Amino acid sequence: MDNINVLIAERPVVIFSRSSCSMCHAIKTLISSFGANATVYELDEIANGRKIERELAQLGCQPSVPAVFIGQQLVGGAREVMSLQVQNQLGQ
C-alpha cells in the first residue's frame with residue numbers, strides 16, 4: 001500500500017485508471033464535471049502500474065480500476081462512484 005499512499009498524499013482527488021478503459025473514462029469525466037481537478041494515474045502508462053494495480057486489488061477494488069480516492073480515502077470503483085452520483089451524494 002506504500003505506493004498508493006505516496007501517490008494520494010496531499011492530493012484532494014486521485015483516480016487510478018487505464019487509458020483504454022471506457023468505464024475509467026466515464027468516471028474521470030463525471031468527477032471533472034464537478035470541477036474537481038483530479039490527479040489521474042494511468043496504470044498502463046507508468047512503470048510500477050502493475051504493482052499499484054495489485055495493491056488496489058488488496059484494498060478490495062474489484063476490478064482494480066477505476067479506483068477513486070477523495071481526501072486520501074478510498075471511495076471505490078465505478079459502481080460505488082455511480083451509486084453516490086445516483087444518490088446525489090457525490091458532490092457533497
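This is a predicted model: local features need pLDDT of at least 70, side-chain atom pairs count only at pLDDT 80 or more; totals for chains, interfaces and linings use all residues.
Local features need pLDDT of at least 70 and side-chain atom pairs count only at pLDDT 80 or more, whereas totals for chains, interfaces and linings use all residues. Residues are numbered from 1 along each chain as its sequence is written, and side-chain values use heavy atoms, with hydrogens and water left out.

Secondary structure follows DSSP runs, numbered from the N terminus: helices are H or I runs of at least four residues, and strands are E runs of at least two. Four strands form an open sheet. Their order is β2-β1-β3-β4, and the pairing is mixed. Two strands count as paired if DSSP finds at least two bridges between them. Strands of a sheet pair through backbone hydrogen bonds, either parallel or antiparallel. The edges are held by β2 (39–42) and β4 (73–76). Each has a single partner strand, so one side of each is left without a neighbour in the sheet. Neighbouring strands are turned by 25 degrees against each other on average, direction ignored. Axes here are lines fitted to C-alpha atoms, for helices over the stretch in contact, and angles run from 0 to 180 degrees between N-to-C directions.

Strand β1 (residues 13–17) runs parallel to β2, and four bridges join the two. Within this pair, F16 stands opposite Y41 in β2. Helix α4 (residues 78–86) packs on the sheet, touching β3 (67–70) and β4. The direction of α4 makes about 80 degrees with that of β4. Contact means heavy atoms within 4.5 Å.

The largest nonpolar core has 15 residues. Such a core is a set of buried Ala, Val, Leu, Ile, Met, Phe, Trp, Tyr and Cys residues joined through side-chain atoms within 4.5 Å. Buried means under 20% relative accessible area, exposed over 50%, and partly exposed in between (1.4 Å probe, protein chains only). The residues with the most contacts inside this core are I4, F16, I52, L56 and F69. Helices α1 (2–8) and α3 and strands β1 and β3 each give two or more residues to this core. The largest share, three residues, comes from α1. Beyond its neighbours within four places in sequence, F16 contacts residues including I4, L7, I8, Y41, I52, L56 and F69. A second, separate core of nine residues includes V13, I31, V68 and L90.

The model has two salt bridges, defined by a side-chain nitrogen of Lys or Arg within 4 Å of a carboxyl oxygen of Asp or Glu. One joins the side chains of R18 and E53 (2.8 Å, N to O). R18 lies in the loop between β1 and α2 (22–33), and E53 lies in helix α3 (residues 49–58), 35 residues apart. R18 is partly exposed, with a relative accessible area of 22%. E53 is buried, at 17%.

The other joins the side chains of E42 and K28 (2.6 Å, N to O). Here strand β2 supplies E42 and helix α2 supplies K28, 14 residues apart. E42 is buried, with a relative accessible area of 15%. The side chain of E42 also makes a polar contact with that of S17 (3.0 Å). A polar contact is a pair of N or O atoms within 3.5 Å; within protein, one must be able to donate a hydrogen and the other to accept it, and residues adjacent in sequence count only if both atoms are side-chain atoms.

R18 and E42 are themselves in contact. Not counting residues up to four places away in sequence, R18 touches C24, E42, D44, E53 and V65.
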